[in-house]
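Keep the structure open beside you as you go.

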Amino acid sequence: MPEIKVTPLGAGQDVGRSCILVSIGGKNIMLDCGMHMGYNDDRRFPDFSYITQNGRLTDFLDCVIISHFHLDHCGALPFMSEMVGYDGPIYMTHPTKAICPILLEDFRKITVDKKGETNFFTSQMIKDCMKKVVPLNLHQTVQVDDELEIKAYYAGHVLGAAMVHIKVGSESVVYTGDYNMTPDRHLGAAWIDKCRPDILISESTYATTIRDSKRCRERDFLKKVHESIERGGKVLIPVFALGRAQELCILLETFWERMNLKAPIYFSTGLTEKANHYYKLFITWTNQKIRKTFVQRNMFEFKHIKAFDRSYADNPGPMVVFATPGMLHAGQSLQIFKKWAGNEKNMVIMPGYCVQGTIGHKILNGQRKLEMEGRSTLDVKLQVEYMSFSAHADAKGIMQLIRMAEPRNMLLVHGEAVKMEFLKGKIEQEFSIDCYMPANGETVTVTTNPSVPVDISLNLLKREMALGGPLPDPKKPRTMHGTLIMKENSLKLVSSEQALKELGLNEHQLRFTCRVQLQDPHSDTDTLHRIYTHLKSVLKGYTIQHLPDGTVMVESIVIKVSSSTEDPNTKVLLLSWSYQDEDLGSFLSTLLKKGLPSGLC
Amino acid sequence: MAAHLKKRVYEEFSKVVQIPHEEAPAKKLRLSKPSKSAALHIDLCKATNSTDALQYLLHFARKPVETESVEGVVRILLEHYYKETDNSVRLKIASLLGLLSKTQGFSPDCIVDDAINTLGNEKSHQVLAQLMDTLLVIGTQLPESPAVRQRLIEVACKHLSDTYFGVRNKCLQLLGCLGMVDTPLTKDNEGLVRDVQSIISDYFGDQDPRVRTAALKAMLQLHERGMKIHEIIYDQACRLLSDDYEQVRSAAVQMVWVLSHLYPESIVPIPSSNEEIRLVDDAFGKISHMVSDGSWMVRVQAAKTLGSMLQVSPQFLEQTLDKKLMSDLRRKRTAHERAKELFTSGEFSSGRKWADDAPKEKLDTNTVNLIASGACGAFVHGLEDEMFEVRIAAVEALCQLARSSASFAEKCLDFLVDMFNDEIEEVRLQSIHVLREISTHITLREDQLDTVLAVLEDSSRDIREALHELICYTNVSTKECVQLALLELLKNLNKYPTDRNSVWKCLKFMGSRHPTLVLPLVPELLSTHPYFDTPEPDMDDPAYIAVLVLVFNAAKSCPTMPALFSDHTFRHYSYLRDSLSHLLPGNGLDLVDSRCGLGSVESAQLFLQQSLNRVSTIQNLEAPGAQDLLDFTIRDLRRLGELQTELAGAADFCATYLRCQLLLMKALQDKLWNMAVPLCLKQNVTATAAAQQILEETYKLEFLYSGLDSRQVATIHHVRLQAKALQLILTARTRQGLDSLISSCEKFLQDIESFQRLFLTELPHLQDSFVDKLLELMPRLSSCKPVELVKILQTTLRQSGLLQLRLPEQTMSINSRTMRIHRATATIIEPTGESDNPLRFTTGLVVALDIDATLEHVQDPQNNVKVQVLYPDGQSHVIHPKPGDFRKPGPDRHRLITQVYLSHTAWTEPSQIEVRLLLAYSSSSTSLSSPSKLGWSDSIDSLPTPETAVEGTIPFSKPVKVYIMPKPARR
């Protein structure tokens with residue numbers, strides 16, 4: 001039986017360095033090629049030696065598909081393609097292709113320039129790597145080669161995030177990457193058609209969470225900002241440059257517009273500006289509202305949001321500032337925080353999760369006195385708010401996607417093992433399909449039951465149609481007669497005559513004969529006549545002939561009568577039919593074995 | 001297609017007149033085919049190839065065919081059909097057959113057989129499908145003949161097994177449109193009697209999704225035609241809910257919905273358990289499930305249908321708002337629940353603590369149901385949907401359900417309030433409207449009110465006004481809420497001064513709704529002090545007026561409140577009572593001498609009735625006395641209208657009517673009637689003016705007031721007739737030309753006839769009136785000479801008394817608000833006409849003037865309301881605003897926000913133009929003339945009488961002056 005094999009090199013029962021190998025129909029595909037944020041050693045990248053000990057990967061992989069631009073999904077890409085060596089096609093969507101190199105370059109700078117690492121990929125490598133990228137459009141079916149085709153679906157999550165449907169013959173796999181089933185202010189919800197893949201590989205970050213409605217959170221967020229501004233306070237929102245930041249910008253921008261607010265909003269510059277540019281460009285990837293209104297005004301051309309300058313932080317009056325990085329551990333956000341922390345009118349809103357040890361984490365846990373470097377302490381008087389805006393599907397969303405795609409098997413990655421366990425149970429219970437959750441390096445093998453396409457001759461089909469009464473019912477299998485010819489890798493179902501002709505064979509007649517003994521006191525001819533009338537009454541709708549040469553023909557079945565030599569009352573019926581009439585012939589023989597009804601004249 | 005048909009019908013109508021001319025000389029040619037068909041025949045014979053033939057047919061299809069020649073044409077087409085080998089030509093012929101059988105006045109039963117015969121040896125599937133379509137048309141044209149139907153149905157059943165989906169589709173459509181449920185239909189092979197439904201339902205499992213859709217649609221069609229769908233279909237329809245194709249799912253949702261209405265109380269088993277539930281609950285659950293479907297069309301459909309499933313049990317209904325939150329397998333409370341808890345615990349929302357929403361209890365993994373079976377969270381999903389269409393549908397559905405269930409209304413409140421924050425304005429607006437509609441069921445908590453009020457700062461005027469409307473109807477729970485609302489409204493007033501009226505109105509309702517909550521706030525609101533006199537606030541401050549409006553309206557039903565007022569408050573009351581009478585209660589404040597004397601609406605009503613009764617005694621009075629009485633009554637009624645807004649319409653209506661009578665009386669009582677013609681020229685002029693004025697007033701009476709019944713309309717028409725008679729008499733006296741007199745006499749006679757026709761039912765009530773007398777004399781009138789007629793008219797007019805006006809019964813009962821007489825009014829809010837700065841623009845170019853007006857009690861404003869601009873040189877422009885410029889903030893109210901473009905040649909100095917609103921009327925649109933006027937056939941014989949074709953405009957707003965200055969263009 002054909003099999004599909006899935007091996008996660010990363011993201012198996014884990015979050016980070018997503019990298020999943022899939023072998024399907026003789027093709028090997030790598031899904032995502034990410035890095036792990038938590039490590040700084042070799043564990044940072046997936047273990048490519050799993051694929052080959054030495055040498056390039058090109059011979060072993062048919063293609064690489066990157067789902068979106070987050071580094072845990074694409075961070076190892078230049079390493080793999082340039083340092084390990086891969087020359088095949090890399091597929092990603094247009095926005096991902098545009099934004100991915102910015103992030104990679106940023107990542108490279110931090111690692112090499114700041115941390116001083118050597119043996120890391122260079123800017124040139126990133127460029128070379130991006131040259132191998134083939135861009136994808138949504139819902140566009142791309143033929144990687146003759147058999148392998150891939151198709152991208154919208155995934156929400158971040159700009160340009162895609163789910164991919166990989167298909168070889170009739171076997172298929174869907175890989176979701178990260179996705180979001182609830183729309184937000186700038187992106188729509190993930191969507192897939194009922195493609196019924198053999199395996200659905202889904203992320204499961206929030207396998208055990210069902211989230212509250214987004215609106216409450218948004219409203220709370222806006223209310224807090226608004227109240228603080230009205231009090232004349234300053235609001236600091238530490239963000240990471242891409243993704244959530246844009247969502248919050250849109251949220252605030254529209255709110256400012258609606259409420260006619262005048263207080264300035266600033267966005268600390270940097271790589272954001274470049275990224276914002278791409279957001280403006282890829283309007284088709286955003287949500288309904290932005291898509292519909294961009295003709296009047298592109299929502300990403302912010303009216304109220306201006307670039308931040310370091311000196312603005314000391315300006316009097318209310319303002320809102322978005323600053324990087326998101327966990328308040330360094331950079332501009334920390335500087336601003338230090339300036340504003342002393343005033344209780346001010347506010348800091350943490351829009352995401354903070355790693356332990358960062359200032360963000362400390363203040364979220366209620367610490368009011370912070371020790372800064374140089375043994376100085378900082379009194380935190382400003383208000384600290386926490387607002388979670390996350391763009392992963394929650395448990396319900398994952399279930400919804402399964403319902404949409406109707407896969408035959410389910411495979412969970414990109415999540416914690418314990419949480420996956422729970423979701424796995426639920427999936428198996430609700431959908432009664434198999435669900436797998438392999439660890440890194442563990443291979444899952446799924447046997448598929450692919451349908452074998454067979455060409456059928458039109459004539460044969462038409463003949464069958466003409467025979468069969470009502471319309472063909474697609475839900476019910478139907479038997480038909482024909483000859484299967486296997487020739488040069490192709491299968492063909494034709495009528496037997498044609499098969500004979502094609503193969504140059506002679507037809508052999510196969511006839512069955514059968515004797516049936518019958519007790520009947522009449523003469524032979526009478527008996528024959530009695531049989532004739534009997535059959536006539538039983539088999540309505542068949543042609544029954546009484547031939548002058550002393551035989552009865554039912555269609556092509558011949559019935560003859562002769563008296564037995566010993567007992568003239570025992571008649572021997574001779575039935576003869578061809579192989580094609582087997583059904584009718586056996587029916588007749590059983591019928592005649594029962595004898596003739598006495599009532600016949 | 002529809003446009004094409006319409007065009008044809010139209011052409012046909014416009015051509016009708018010509019036929020008699022053409023046919024008249026050709027009487028002998030009865031045997032010959034009508035020219036049209038002959039031409040076609042020749043054309044088709046000439047056609048050498050199929051392309052030509054197709055061209056001819058296409059050309060032919062553009063022209064109309066007369067009713068009498070249809071059959072001939074059909075025969076020719078059929079003849080050609082059999083000869084034709086090309087599929088496309090046959091297809092066109094088939095479609096033409098269908099078109100032709102739709103011809104008005106043609107009964108297609110004569111071509112049924114032929115049409116069916118053509119099916120017999122047709123090979124092309126497309127043509128077959130088209131033929132089935134033609135049969136469908138024929139079948140729908142012949143609703144009265146069951147035999148034809150039966151035949152068509154049999155034909156359809158036969159072709160259902162066609163391999164082409166189009167044919168199957170059409171057959172199903174035909175079955176849906178013509179099939180009958182009660183008569184068993186065909187016998188299939190096994191000799192079983194089957195009816196239409198089971199045949200159609202066979203195709204629910206067809207391999208082609210289009211056929212499945214068609215089958216579902218056919219079934220729905222059956223339902224629409226009033227046939228009862230069997231309950232068995234339910235299971236099959238439910239199965240189709242999980243079809244691969246969206247159109248099938250969408251139709252299936254409808255089907256399930258229909259069945260849930262037919263068999264709400266049936267019991268269906270829950271699969272994989274042995275429980276059973278009501279069918280409507282099951283269907284509700286299933287449709288709720290579709291709210292998270294992959295296709296947004298289906299989601300919209302599902303969300304919409306949910307709203308009308310009112311019979312669903314409460315526990316299912318409430319599940320739709322349920323979404324059990326969890327985090328790391330621990331139960332979490334929703335933000336809504338937290339807010340409520342905080343509120344009940346008396347603590348204000350902190351939200352400041354990290355992990356404030358930290359999950360509490362540990363969940364048992366087995367009980368967590370991720371894909372909720374049934375309705376779970378349907379609305380939560382619907383309201384968060386990506387497409388705003390779905391969100392709007394969900395909001396509307398919520399509204400419908402909430403209106404029928406108070407507890408559900410309570411529950412969905414939080415969700416609706418959340419929607420106030422939607423990114424699309426339409427959705428925000430809709431949710432505000434919805435909240436208003438269900439507000440009778442709910443009382444807002446303080447935190448909820450807070451969220452609601454936050455929207456008051458929205459920069460969109462629509463949103464703010466909708467919100468004001470909402471606050472008018474909202475109940476709040478505490479005095480803090482009232483204070484909060486007042487504060488926010490004042491803030492709003494400060495930020496957007498144009499909202500003044502709307503904010504005041506809002507506070508009026510707020511006050512009258514919560515008198516007891518306002519009471520403790522009064523000293524603070526009016527800043528009174530127990531010992532010290534506080535300075536008198538500025539009476540022109542809108543904010544102060546706003547506070548006063550709130551307080552006075554509350555004081556209406558709170559007798560202890562006036563004791564807290566200081567002297568100036570009372571003075572302000574009487575001032576406001578006069579200047580803003582619509583905002584202040586008409587009575588109840590014993591603090592002020594109720595100089596209007598009238599108590600409640602009832603007594604006003606009584607007064608109105610008495611006035612009318614008094615007027616009816618007028619016959620017995622001498623002329624001057626009668627006129628005085630009318631004068632006083634009119635004055636009284638007008639004042640009453642001002643004071644008692646609820647009766648304003650009726651009072652005004654009566655006053656205007658009486659004014660007509662007064663004018664008529666004056667005109668008739670002038671001495672002129674006894675004088676010789678040349679001597680009375682001057683009086684004649686006044687009488688003519690009076691007649692003209694009466695005519696105008698009658699149009700106002702008829703079209704400006706809504707809620708009139710036919711009796712009153714008859715009375716109005718009666719006055720109009722009198723005015724016309726007066727005009728006629730005056731014409732007769734002044735003009736010498738006999739021809740014009742004859743024609744006006746004829747016209748008058750026609751008027752009488754049409755009056756009689758229109759108000760046949762009302763005639764018994766009009767006894768002893770002018771018309772009554774005229775009708776008695778009618779035979780004589782129509783035969784006599786104009787001069788004689790005028791004489792008769794003169795005497796009748798003078799003898800006939802005043803026809804007493806009766807107000808409709810409904811007006812008399814206080815409870816029925818709907819059938820009151822209302823006067824259509826319009827107020828132009830912007831431009832205010834107060835600006836001294838002229839609007840400068842270059843001549844030859846245009847300047848846009850923003851117009852903002854409220855319209856009340858105007859029916860169909862999109863068509864009837866126009867803006868008139870009057871330039872100082874007498875030029876006037878009438879501008880028809882776009883339909884989209886009208887908004888409907890509330891029942892019987894419209895808001896016109898539009899721009900008119902002004903332009904003029906250069907002026908030397910700025911001057912004022914006038915802008916006003918006009919109400920266009922045309923008497924053919926009155927309720928009395930039958931709407932069937934649109935039918936083309938009957939408009940031929942009865943040409944619209946001149947009387948019914950009166951069109952015109954009534955100015956119904958105060959004109960507003962705008963200062964403009966067109967500058968000469970600089971070179």
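**Exercise 1.** In this predicted model, work out how many residue pairs are in polar contact between chain A and chain B, and which elements of chain A give two or more residues to the side that touches chain B.

*Solution.* Start with the count: 21 residue pairs, both at pLDDT 80 or more, are in polar contact between the two chains. Next, go through the elements of chain A that give two or more residues to this side: helices H5 (214–230), H6 (244–259), H8 (288–293), H11 (395–405) and H12 (417–431), along with strand S19 (383–386). H5(A) has the largest share, ten residues.

Now look for charged pairs: the rule finds six salt bridges across the interface. One of them joins the side chains of Glu230(A) and Lys491(B), at 3.8 Å from N to O.

Finally, turn to the extent of the interface. Here 59 residues of chain A contact 66 residues of chain B, and the buried area is about 5400 Å², with 49% from carbon and sulfur atoms. Of the area that chain A buries against chain B, Arg215(A), Arg258(A) and Lys396(A) supply 15%, more than any other three residues.

**Exercise 2.** Find which residues make the nonpolar surface patch of about 400 Å², and decide whether Met480(A) counts as buried, partly exposed or exposed.

*Solution.* First, list the members: Ile456(A), Leu458(A), Leu461(A), Met465(A) and Met480(A). Helix H13 (residues 458–467) of chain A gives the most, three residues. Then place Met480(A), which lies in the loop between H13 and strand S24 (483–487) of chain A. Last, classify this residue: Met480(A) counts as partly exposed because its relative accessibility is 31%, and that class lies between the cut-offs of 20% and 50%.

How values were computed: Residues numbered from 1 in each chain as written. Chains lettered and ligands numbered in written order. Predicted model: local features only at pLDDT ≥ 70, side-chain atom pairs only at ≥ 80, totals over all residues. Heavy atoms only, no water. Patch = residues over 30% accessible without salt bridge, like charges linked within 9 Å, V, L, I, M, F, W, Y side chains within 5 Å. Areas by Shrake-Rupley, 256 points an atom, 1.4 Å probe, with all protein chains shown as cover. Salt bridge = Lys/Arg side-chain N within 4 Å of Asp/Glu carboxyl O. Helix = DSSP H or I, 4+ residues; strand = E, 2+ residues; numbered from the N terminus. Buried < 20%, exposed > 50% of the residue type's maximum accessible area, 1.4 Å probe, protein only. Contact = heavy atoms within 4.5 Å. Buried area = accessible area lost by both parts, 1.4 Å probe. Polar contact = N/O pair within 3.5 Å; in protein donor to acceptor, adjacent residues only side chain to side chain.
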